[in-house]
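Hi,

Here is the structure for your files. My notes on its aromatic contacts follow below.

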Amino acid sequence: MSVKPTAVAVSLCMAFSLPVLADGLAGIETYQGKPASEHTVKANAELAKRLSWEDTSAFERTQRGLIAPFGSHAAGELKSKFNYMAAMNVKDLPPTVNPSIWRQGMLNYAAGGLYEVTDGVYQVRGADLSNMTIYRSDNGYIIHDPLLSDKAAAAAWDFAKQHLPKINGEHRITGVLYSHMHIDHFGGSRGIIDEQFDGPILAPDGFLKELADENMIGGNAMGRRAQYQYGTTLPNSTKGIVDNALGLGTSDGQVTLVAPTEEISERERWVTIDGLEMLLINMPGAEAPAEMVVYLPKYRSLNTAELTYDGQHNIYTFRGAKVRDALVWTKYLTELKLRFVDSGKVDNIHAAHSAPVWGQAEVSDYMTLQRDNYGFVHNQSMRLANHGVTIHDVGRAIEEIVPESQFNTWHTNGYHGSYSHNARAVVNLYLGYHDMNPVNVNPLTSHDKSCTYVEAAGADTLVTAGKGHFEAGRYQQASQLLNDVVTCQPDNQKARDLLADSYEQQGYQAETMAWRNSYLQGAYELRTGFVADSIKAASPDVIANTPTGMMLDYLAVRLNAPKAEAAGLDFNFQLIHPELNEVYYGEVSNANMANIQIDKPVEADLTLTISKADLTRVLLGDGTLAERANIKGDAELLGQLKAVLDTFESDFEIVPLPAQKS
């Protein structure tokens, strides 16, 4: 299907959000941040003295096994957009960048080409945010995680074919594996899978369901929030984006999805693809709701999916997703370590991000530290919570007790996740967001709370106090006061400018990618009043594979309750996919919509009989329900329902905008 997604399709499908390179937005290339203050210069310099610069093992792992660099090949297009990083080094540390994330940017920029993990296992690294792993089988190659976009995947595979030997006279793809349901691990599937492909495409249990579920209900909000996590209007520079934590950045191109031919429903299963035996193990609920690792005995190699990478991962992700289970994560890593590493069954581990690790002792130490990093966050967060430390304070408390063994290890540093926001996520998982202080039982709105302070103290007093904190280098205190002024008085330009300055300096000092980008993105929007459209990876493939029940769930979220009540909507309906023998029943009542899947059709006020393919076409703007569906009952109910559905705007405020901009 070649129909371009319409706005309706975008609003109905998952809001997979992508970081956007700054040169794609008009006027952004002229935006320049301010210099680092003397306090930021000092803070970053002091941190640099504590870091383990003598440990260059990650750079050695990144270069090990290089078969060929990208050079001028199209697979290196992403790297070419970060050319300023070529001059990065550890001797000339820019004052506007936390030295630890600067070093992580250097590490990710160093990857760019085809690498041998071991004879028979290869990786293309640096073509996209994730790695494409390639396994040699009897008559060809198995692709594990075909990147984020079709363009990047096609280029990466083309580059690999130039350097890997043909088998039986050709470079044939004999199978495809998706490690989990995040977009950068399946989005390039149509770049490598053509209509002649007849091999298996295997994915973890619940792949399609969880793919939709994690991103559907809050999709529009997630897209806007992702702009802050990824800094979508920031330039690629030492005053903007310096790294994407998991990799250098994301590729251009279309997000696609060739659906799995099978999801592995058992906890673990031995499979053989074109003569290559492998053990697939489902490990859901840690880094992703649906995820599997792969053990390849022939190559004495273990793919850990995204359970390991060179940095601390997210227990809570800024863009928005369900909180992950740090305790389960530690148990999975302990299991893998005991079963495959300490038992001597593997010589290396490789993953969806970062470089592999080789040698039994090295792999065991690496996995132990990764495990203990998440275990520390989980156990100490709940130890502190059981002492009465609240969700608002636990992040600061845990930062003060990070063990030196973790601080001095690069691959447990907080580039993607951080001790602070991960600790709060752990407490939220067990105890929820409420800290039991009665003032927070029924809190004032953000605007009313800020105005309470402003009216009591006076805006000028708060701005003066904020300026004093700023000049003393207490940027968070400055932000706290100035944010109240700006929230209550969005047109107070003096407060806006100073708040932007305070955010910017905190960004320059932040180690975590999402923290840096959020601070700098907030500063940008405060200064310019400009909010870009959020970027969503809507595609016909993704929409076509979204379960109809989830589409209806999202429709229920769009229902505007006051409008539905005023219209007096009260009816039931069913949607039938005859070719799939699927029936979905729903009711609109009491200003709400509810639906379930049922076994067989029932009597209803409105019945739509339509194939899943035709429903997808309608969602993509190719025809209407009147044209493609068999409608039985009161067809006018469709128009009445449409009239009470919200259309979500993707440019809502995060930092307060001036009145003329909002």
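A residue is called buried under 20% relative accessible area, exposed over 50%, and partly exposed in between (1.4 Å probe, protein chains only). Phenylalanine 186 is buried, at a relative accessible area of 0%. Phenylalanine 207 also counts as buried, because its relative accessibility is 0%.

Some ground rules. This is a predicted model, where local features need pLDDT of at least 70, side-chain atom pairs count only at pLDDT 80 or more, and totals for chains, interfaces and linings use all residues. Numbering runs from 1 along each chain as its sequence is written, and side-chain values use heavy atoms, with hydrogens and water left out.

Now the rings. Rings of Phe, Tyr and Trp (its six-membered ring) pair if their centres lie within 6.5 Å; planes under 30 degrees apart are stacked, over 60 edge-to-face, the rest tilted. The whole structure holds 16 aromatic pairs. One of them is stacked: tyrosine 178 with phenylalanine 207, 5.4 Å centre to centre and 20 degrees between the planes. Tyrosine 178 is in the loop between strand S6 (173-177) and helix H7 (189-192), and phenylalanine 207 is in helix H8 (residues 207-215), so the pair ties together parts 29 residues apart in sequence. Helices (H or I, at least four residues) and strands (E, at least two) are DSSP runs, numbered from the N terminus.

Phenylalanine 186 sits in the loop between S6 and H7, 21 residues from phenylalanine 207. Tyr178, Phe186 and Phe207 make up one aromatic cluster.

Best wishes
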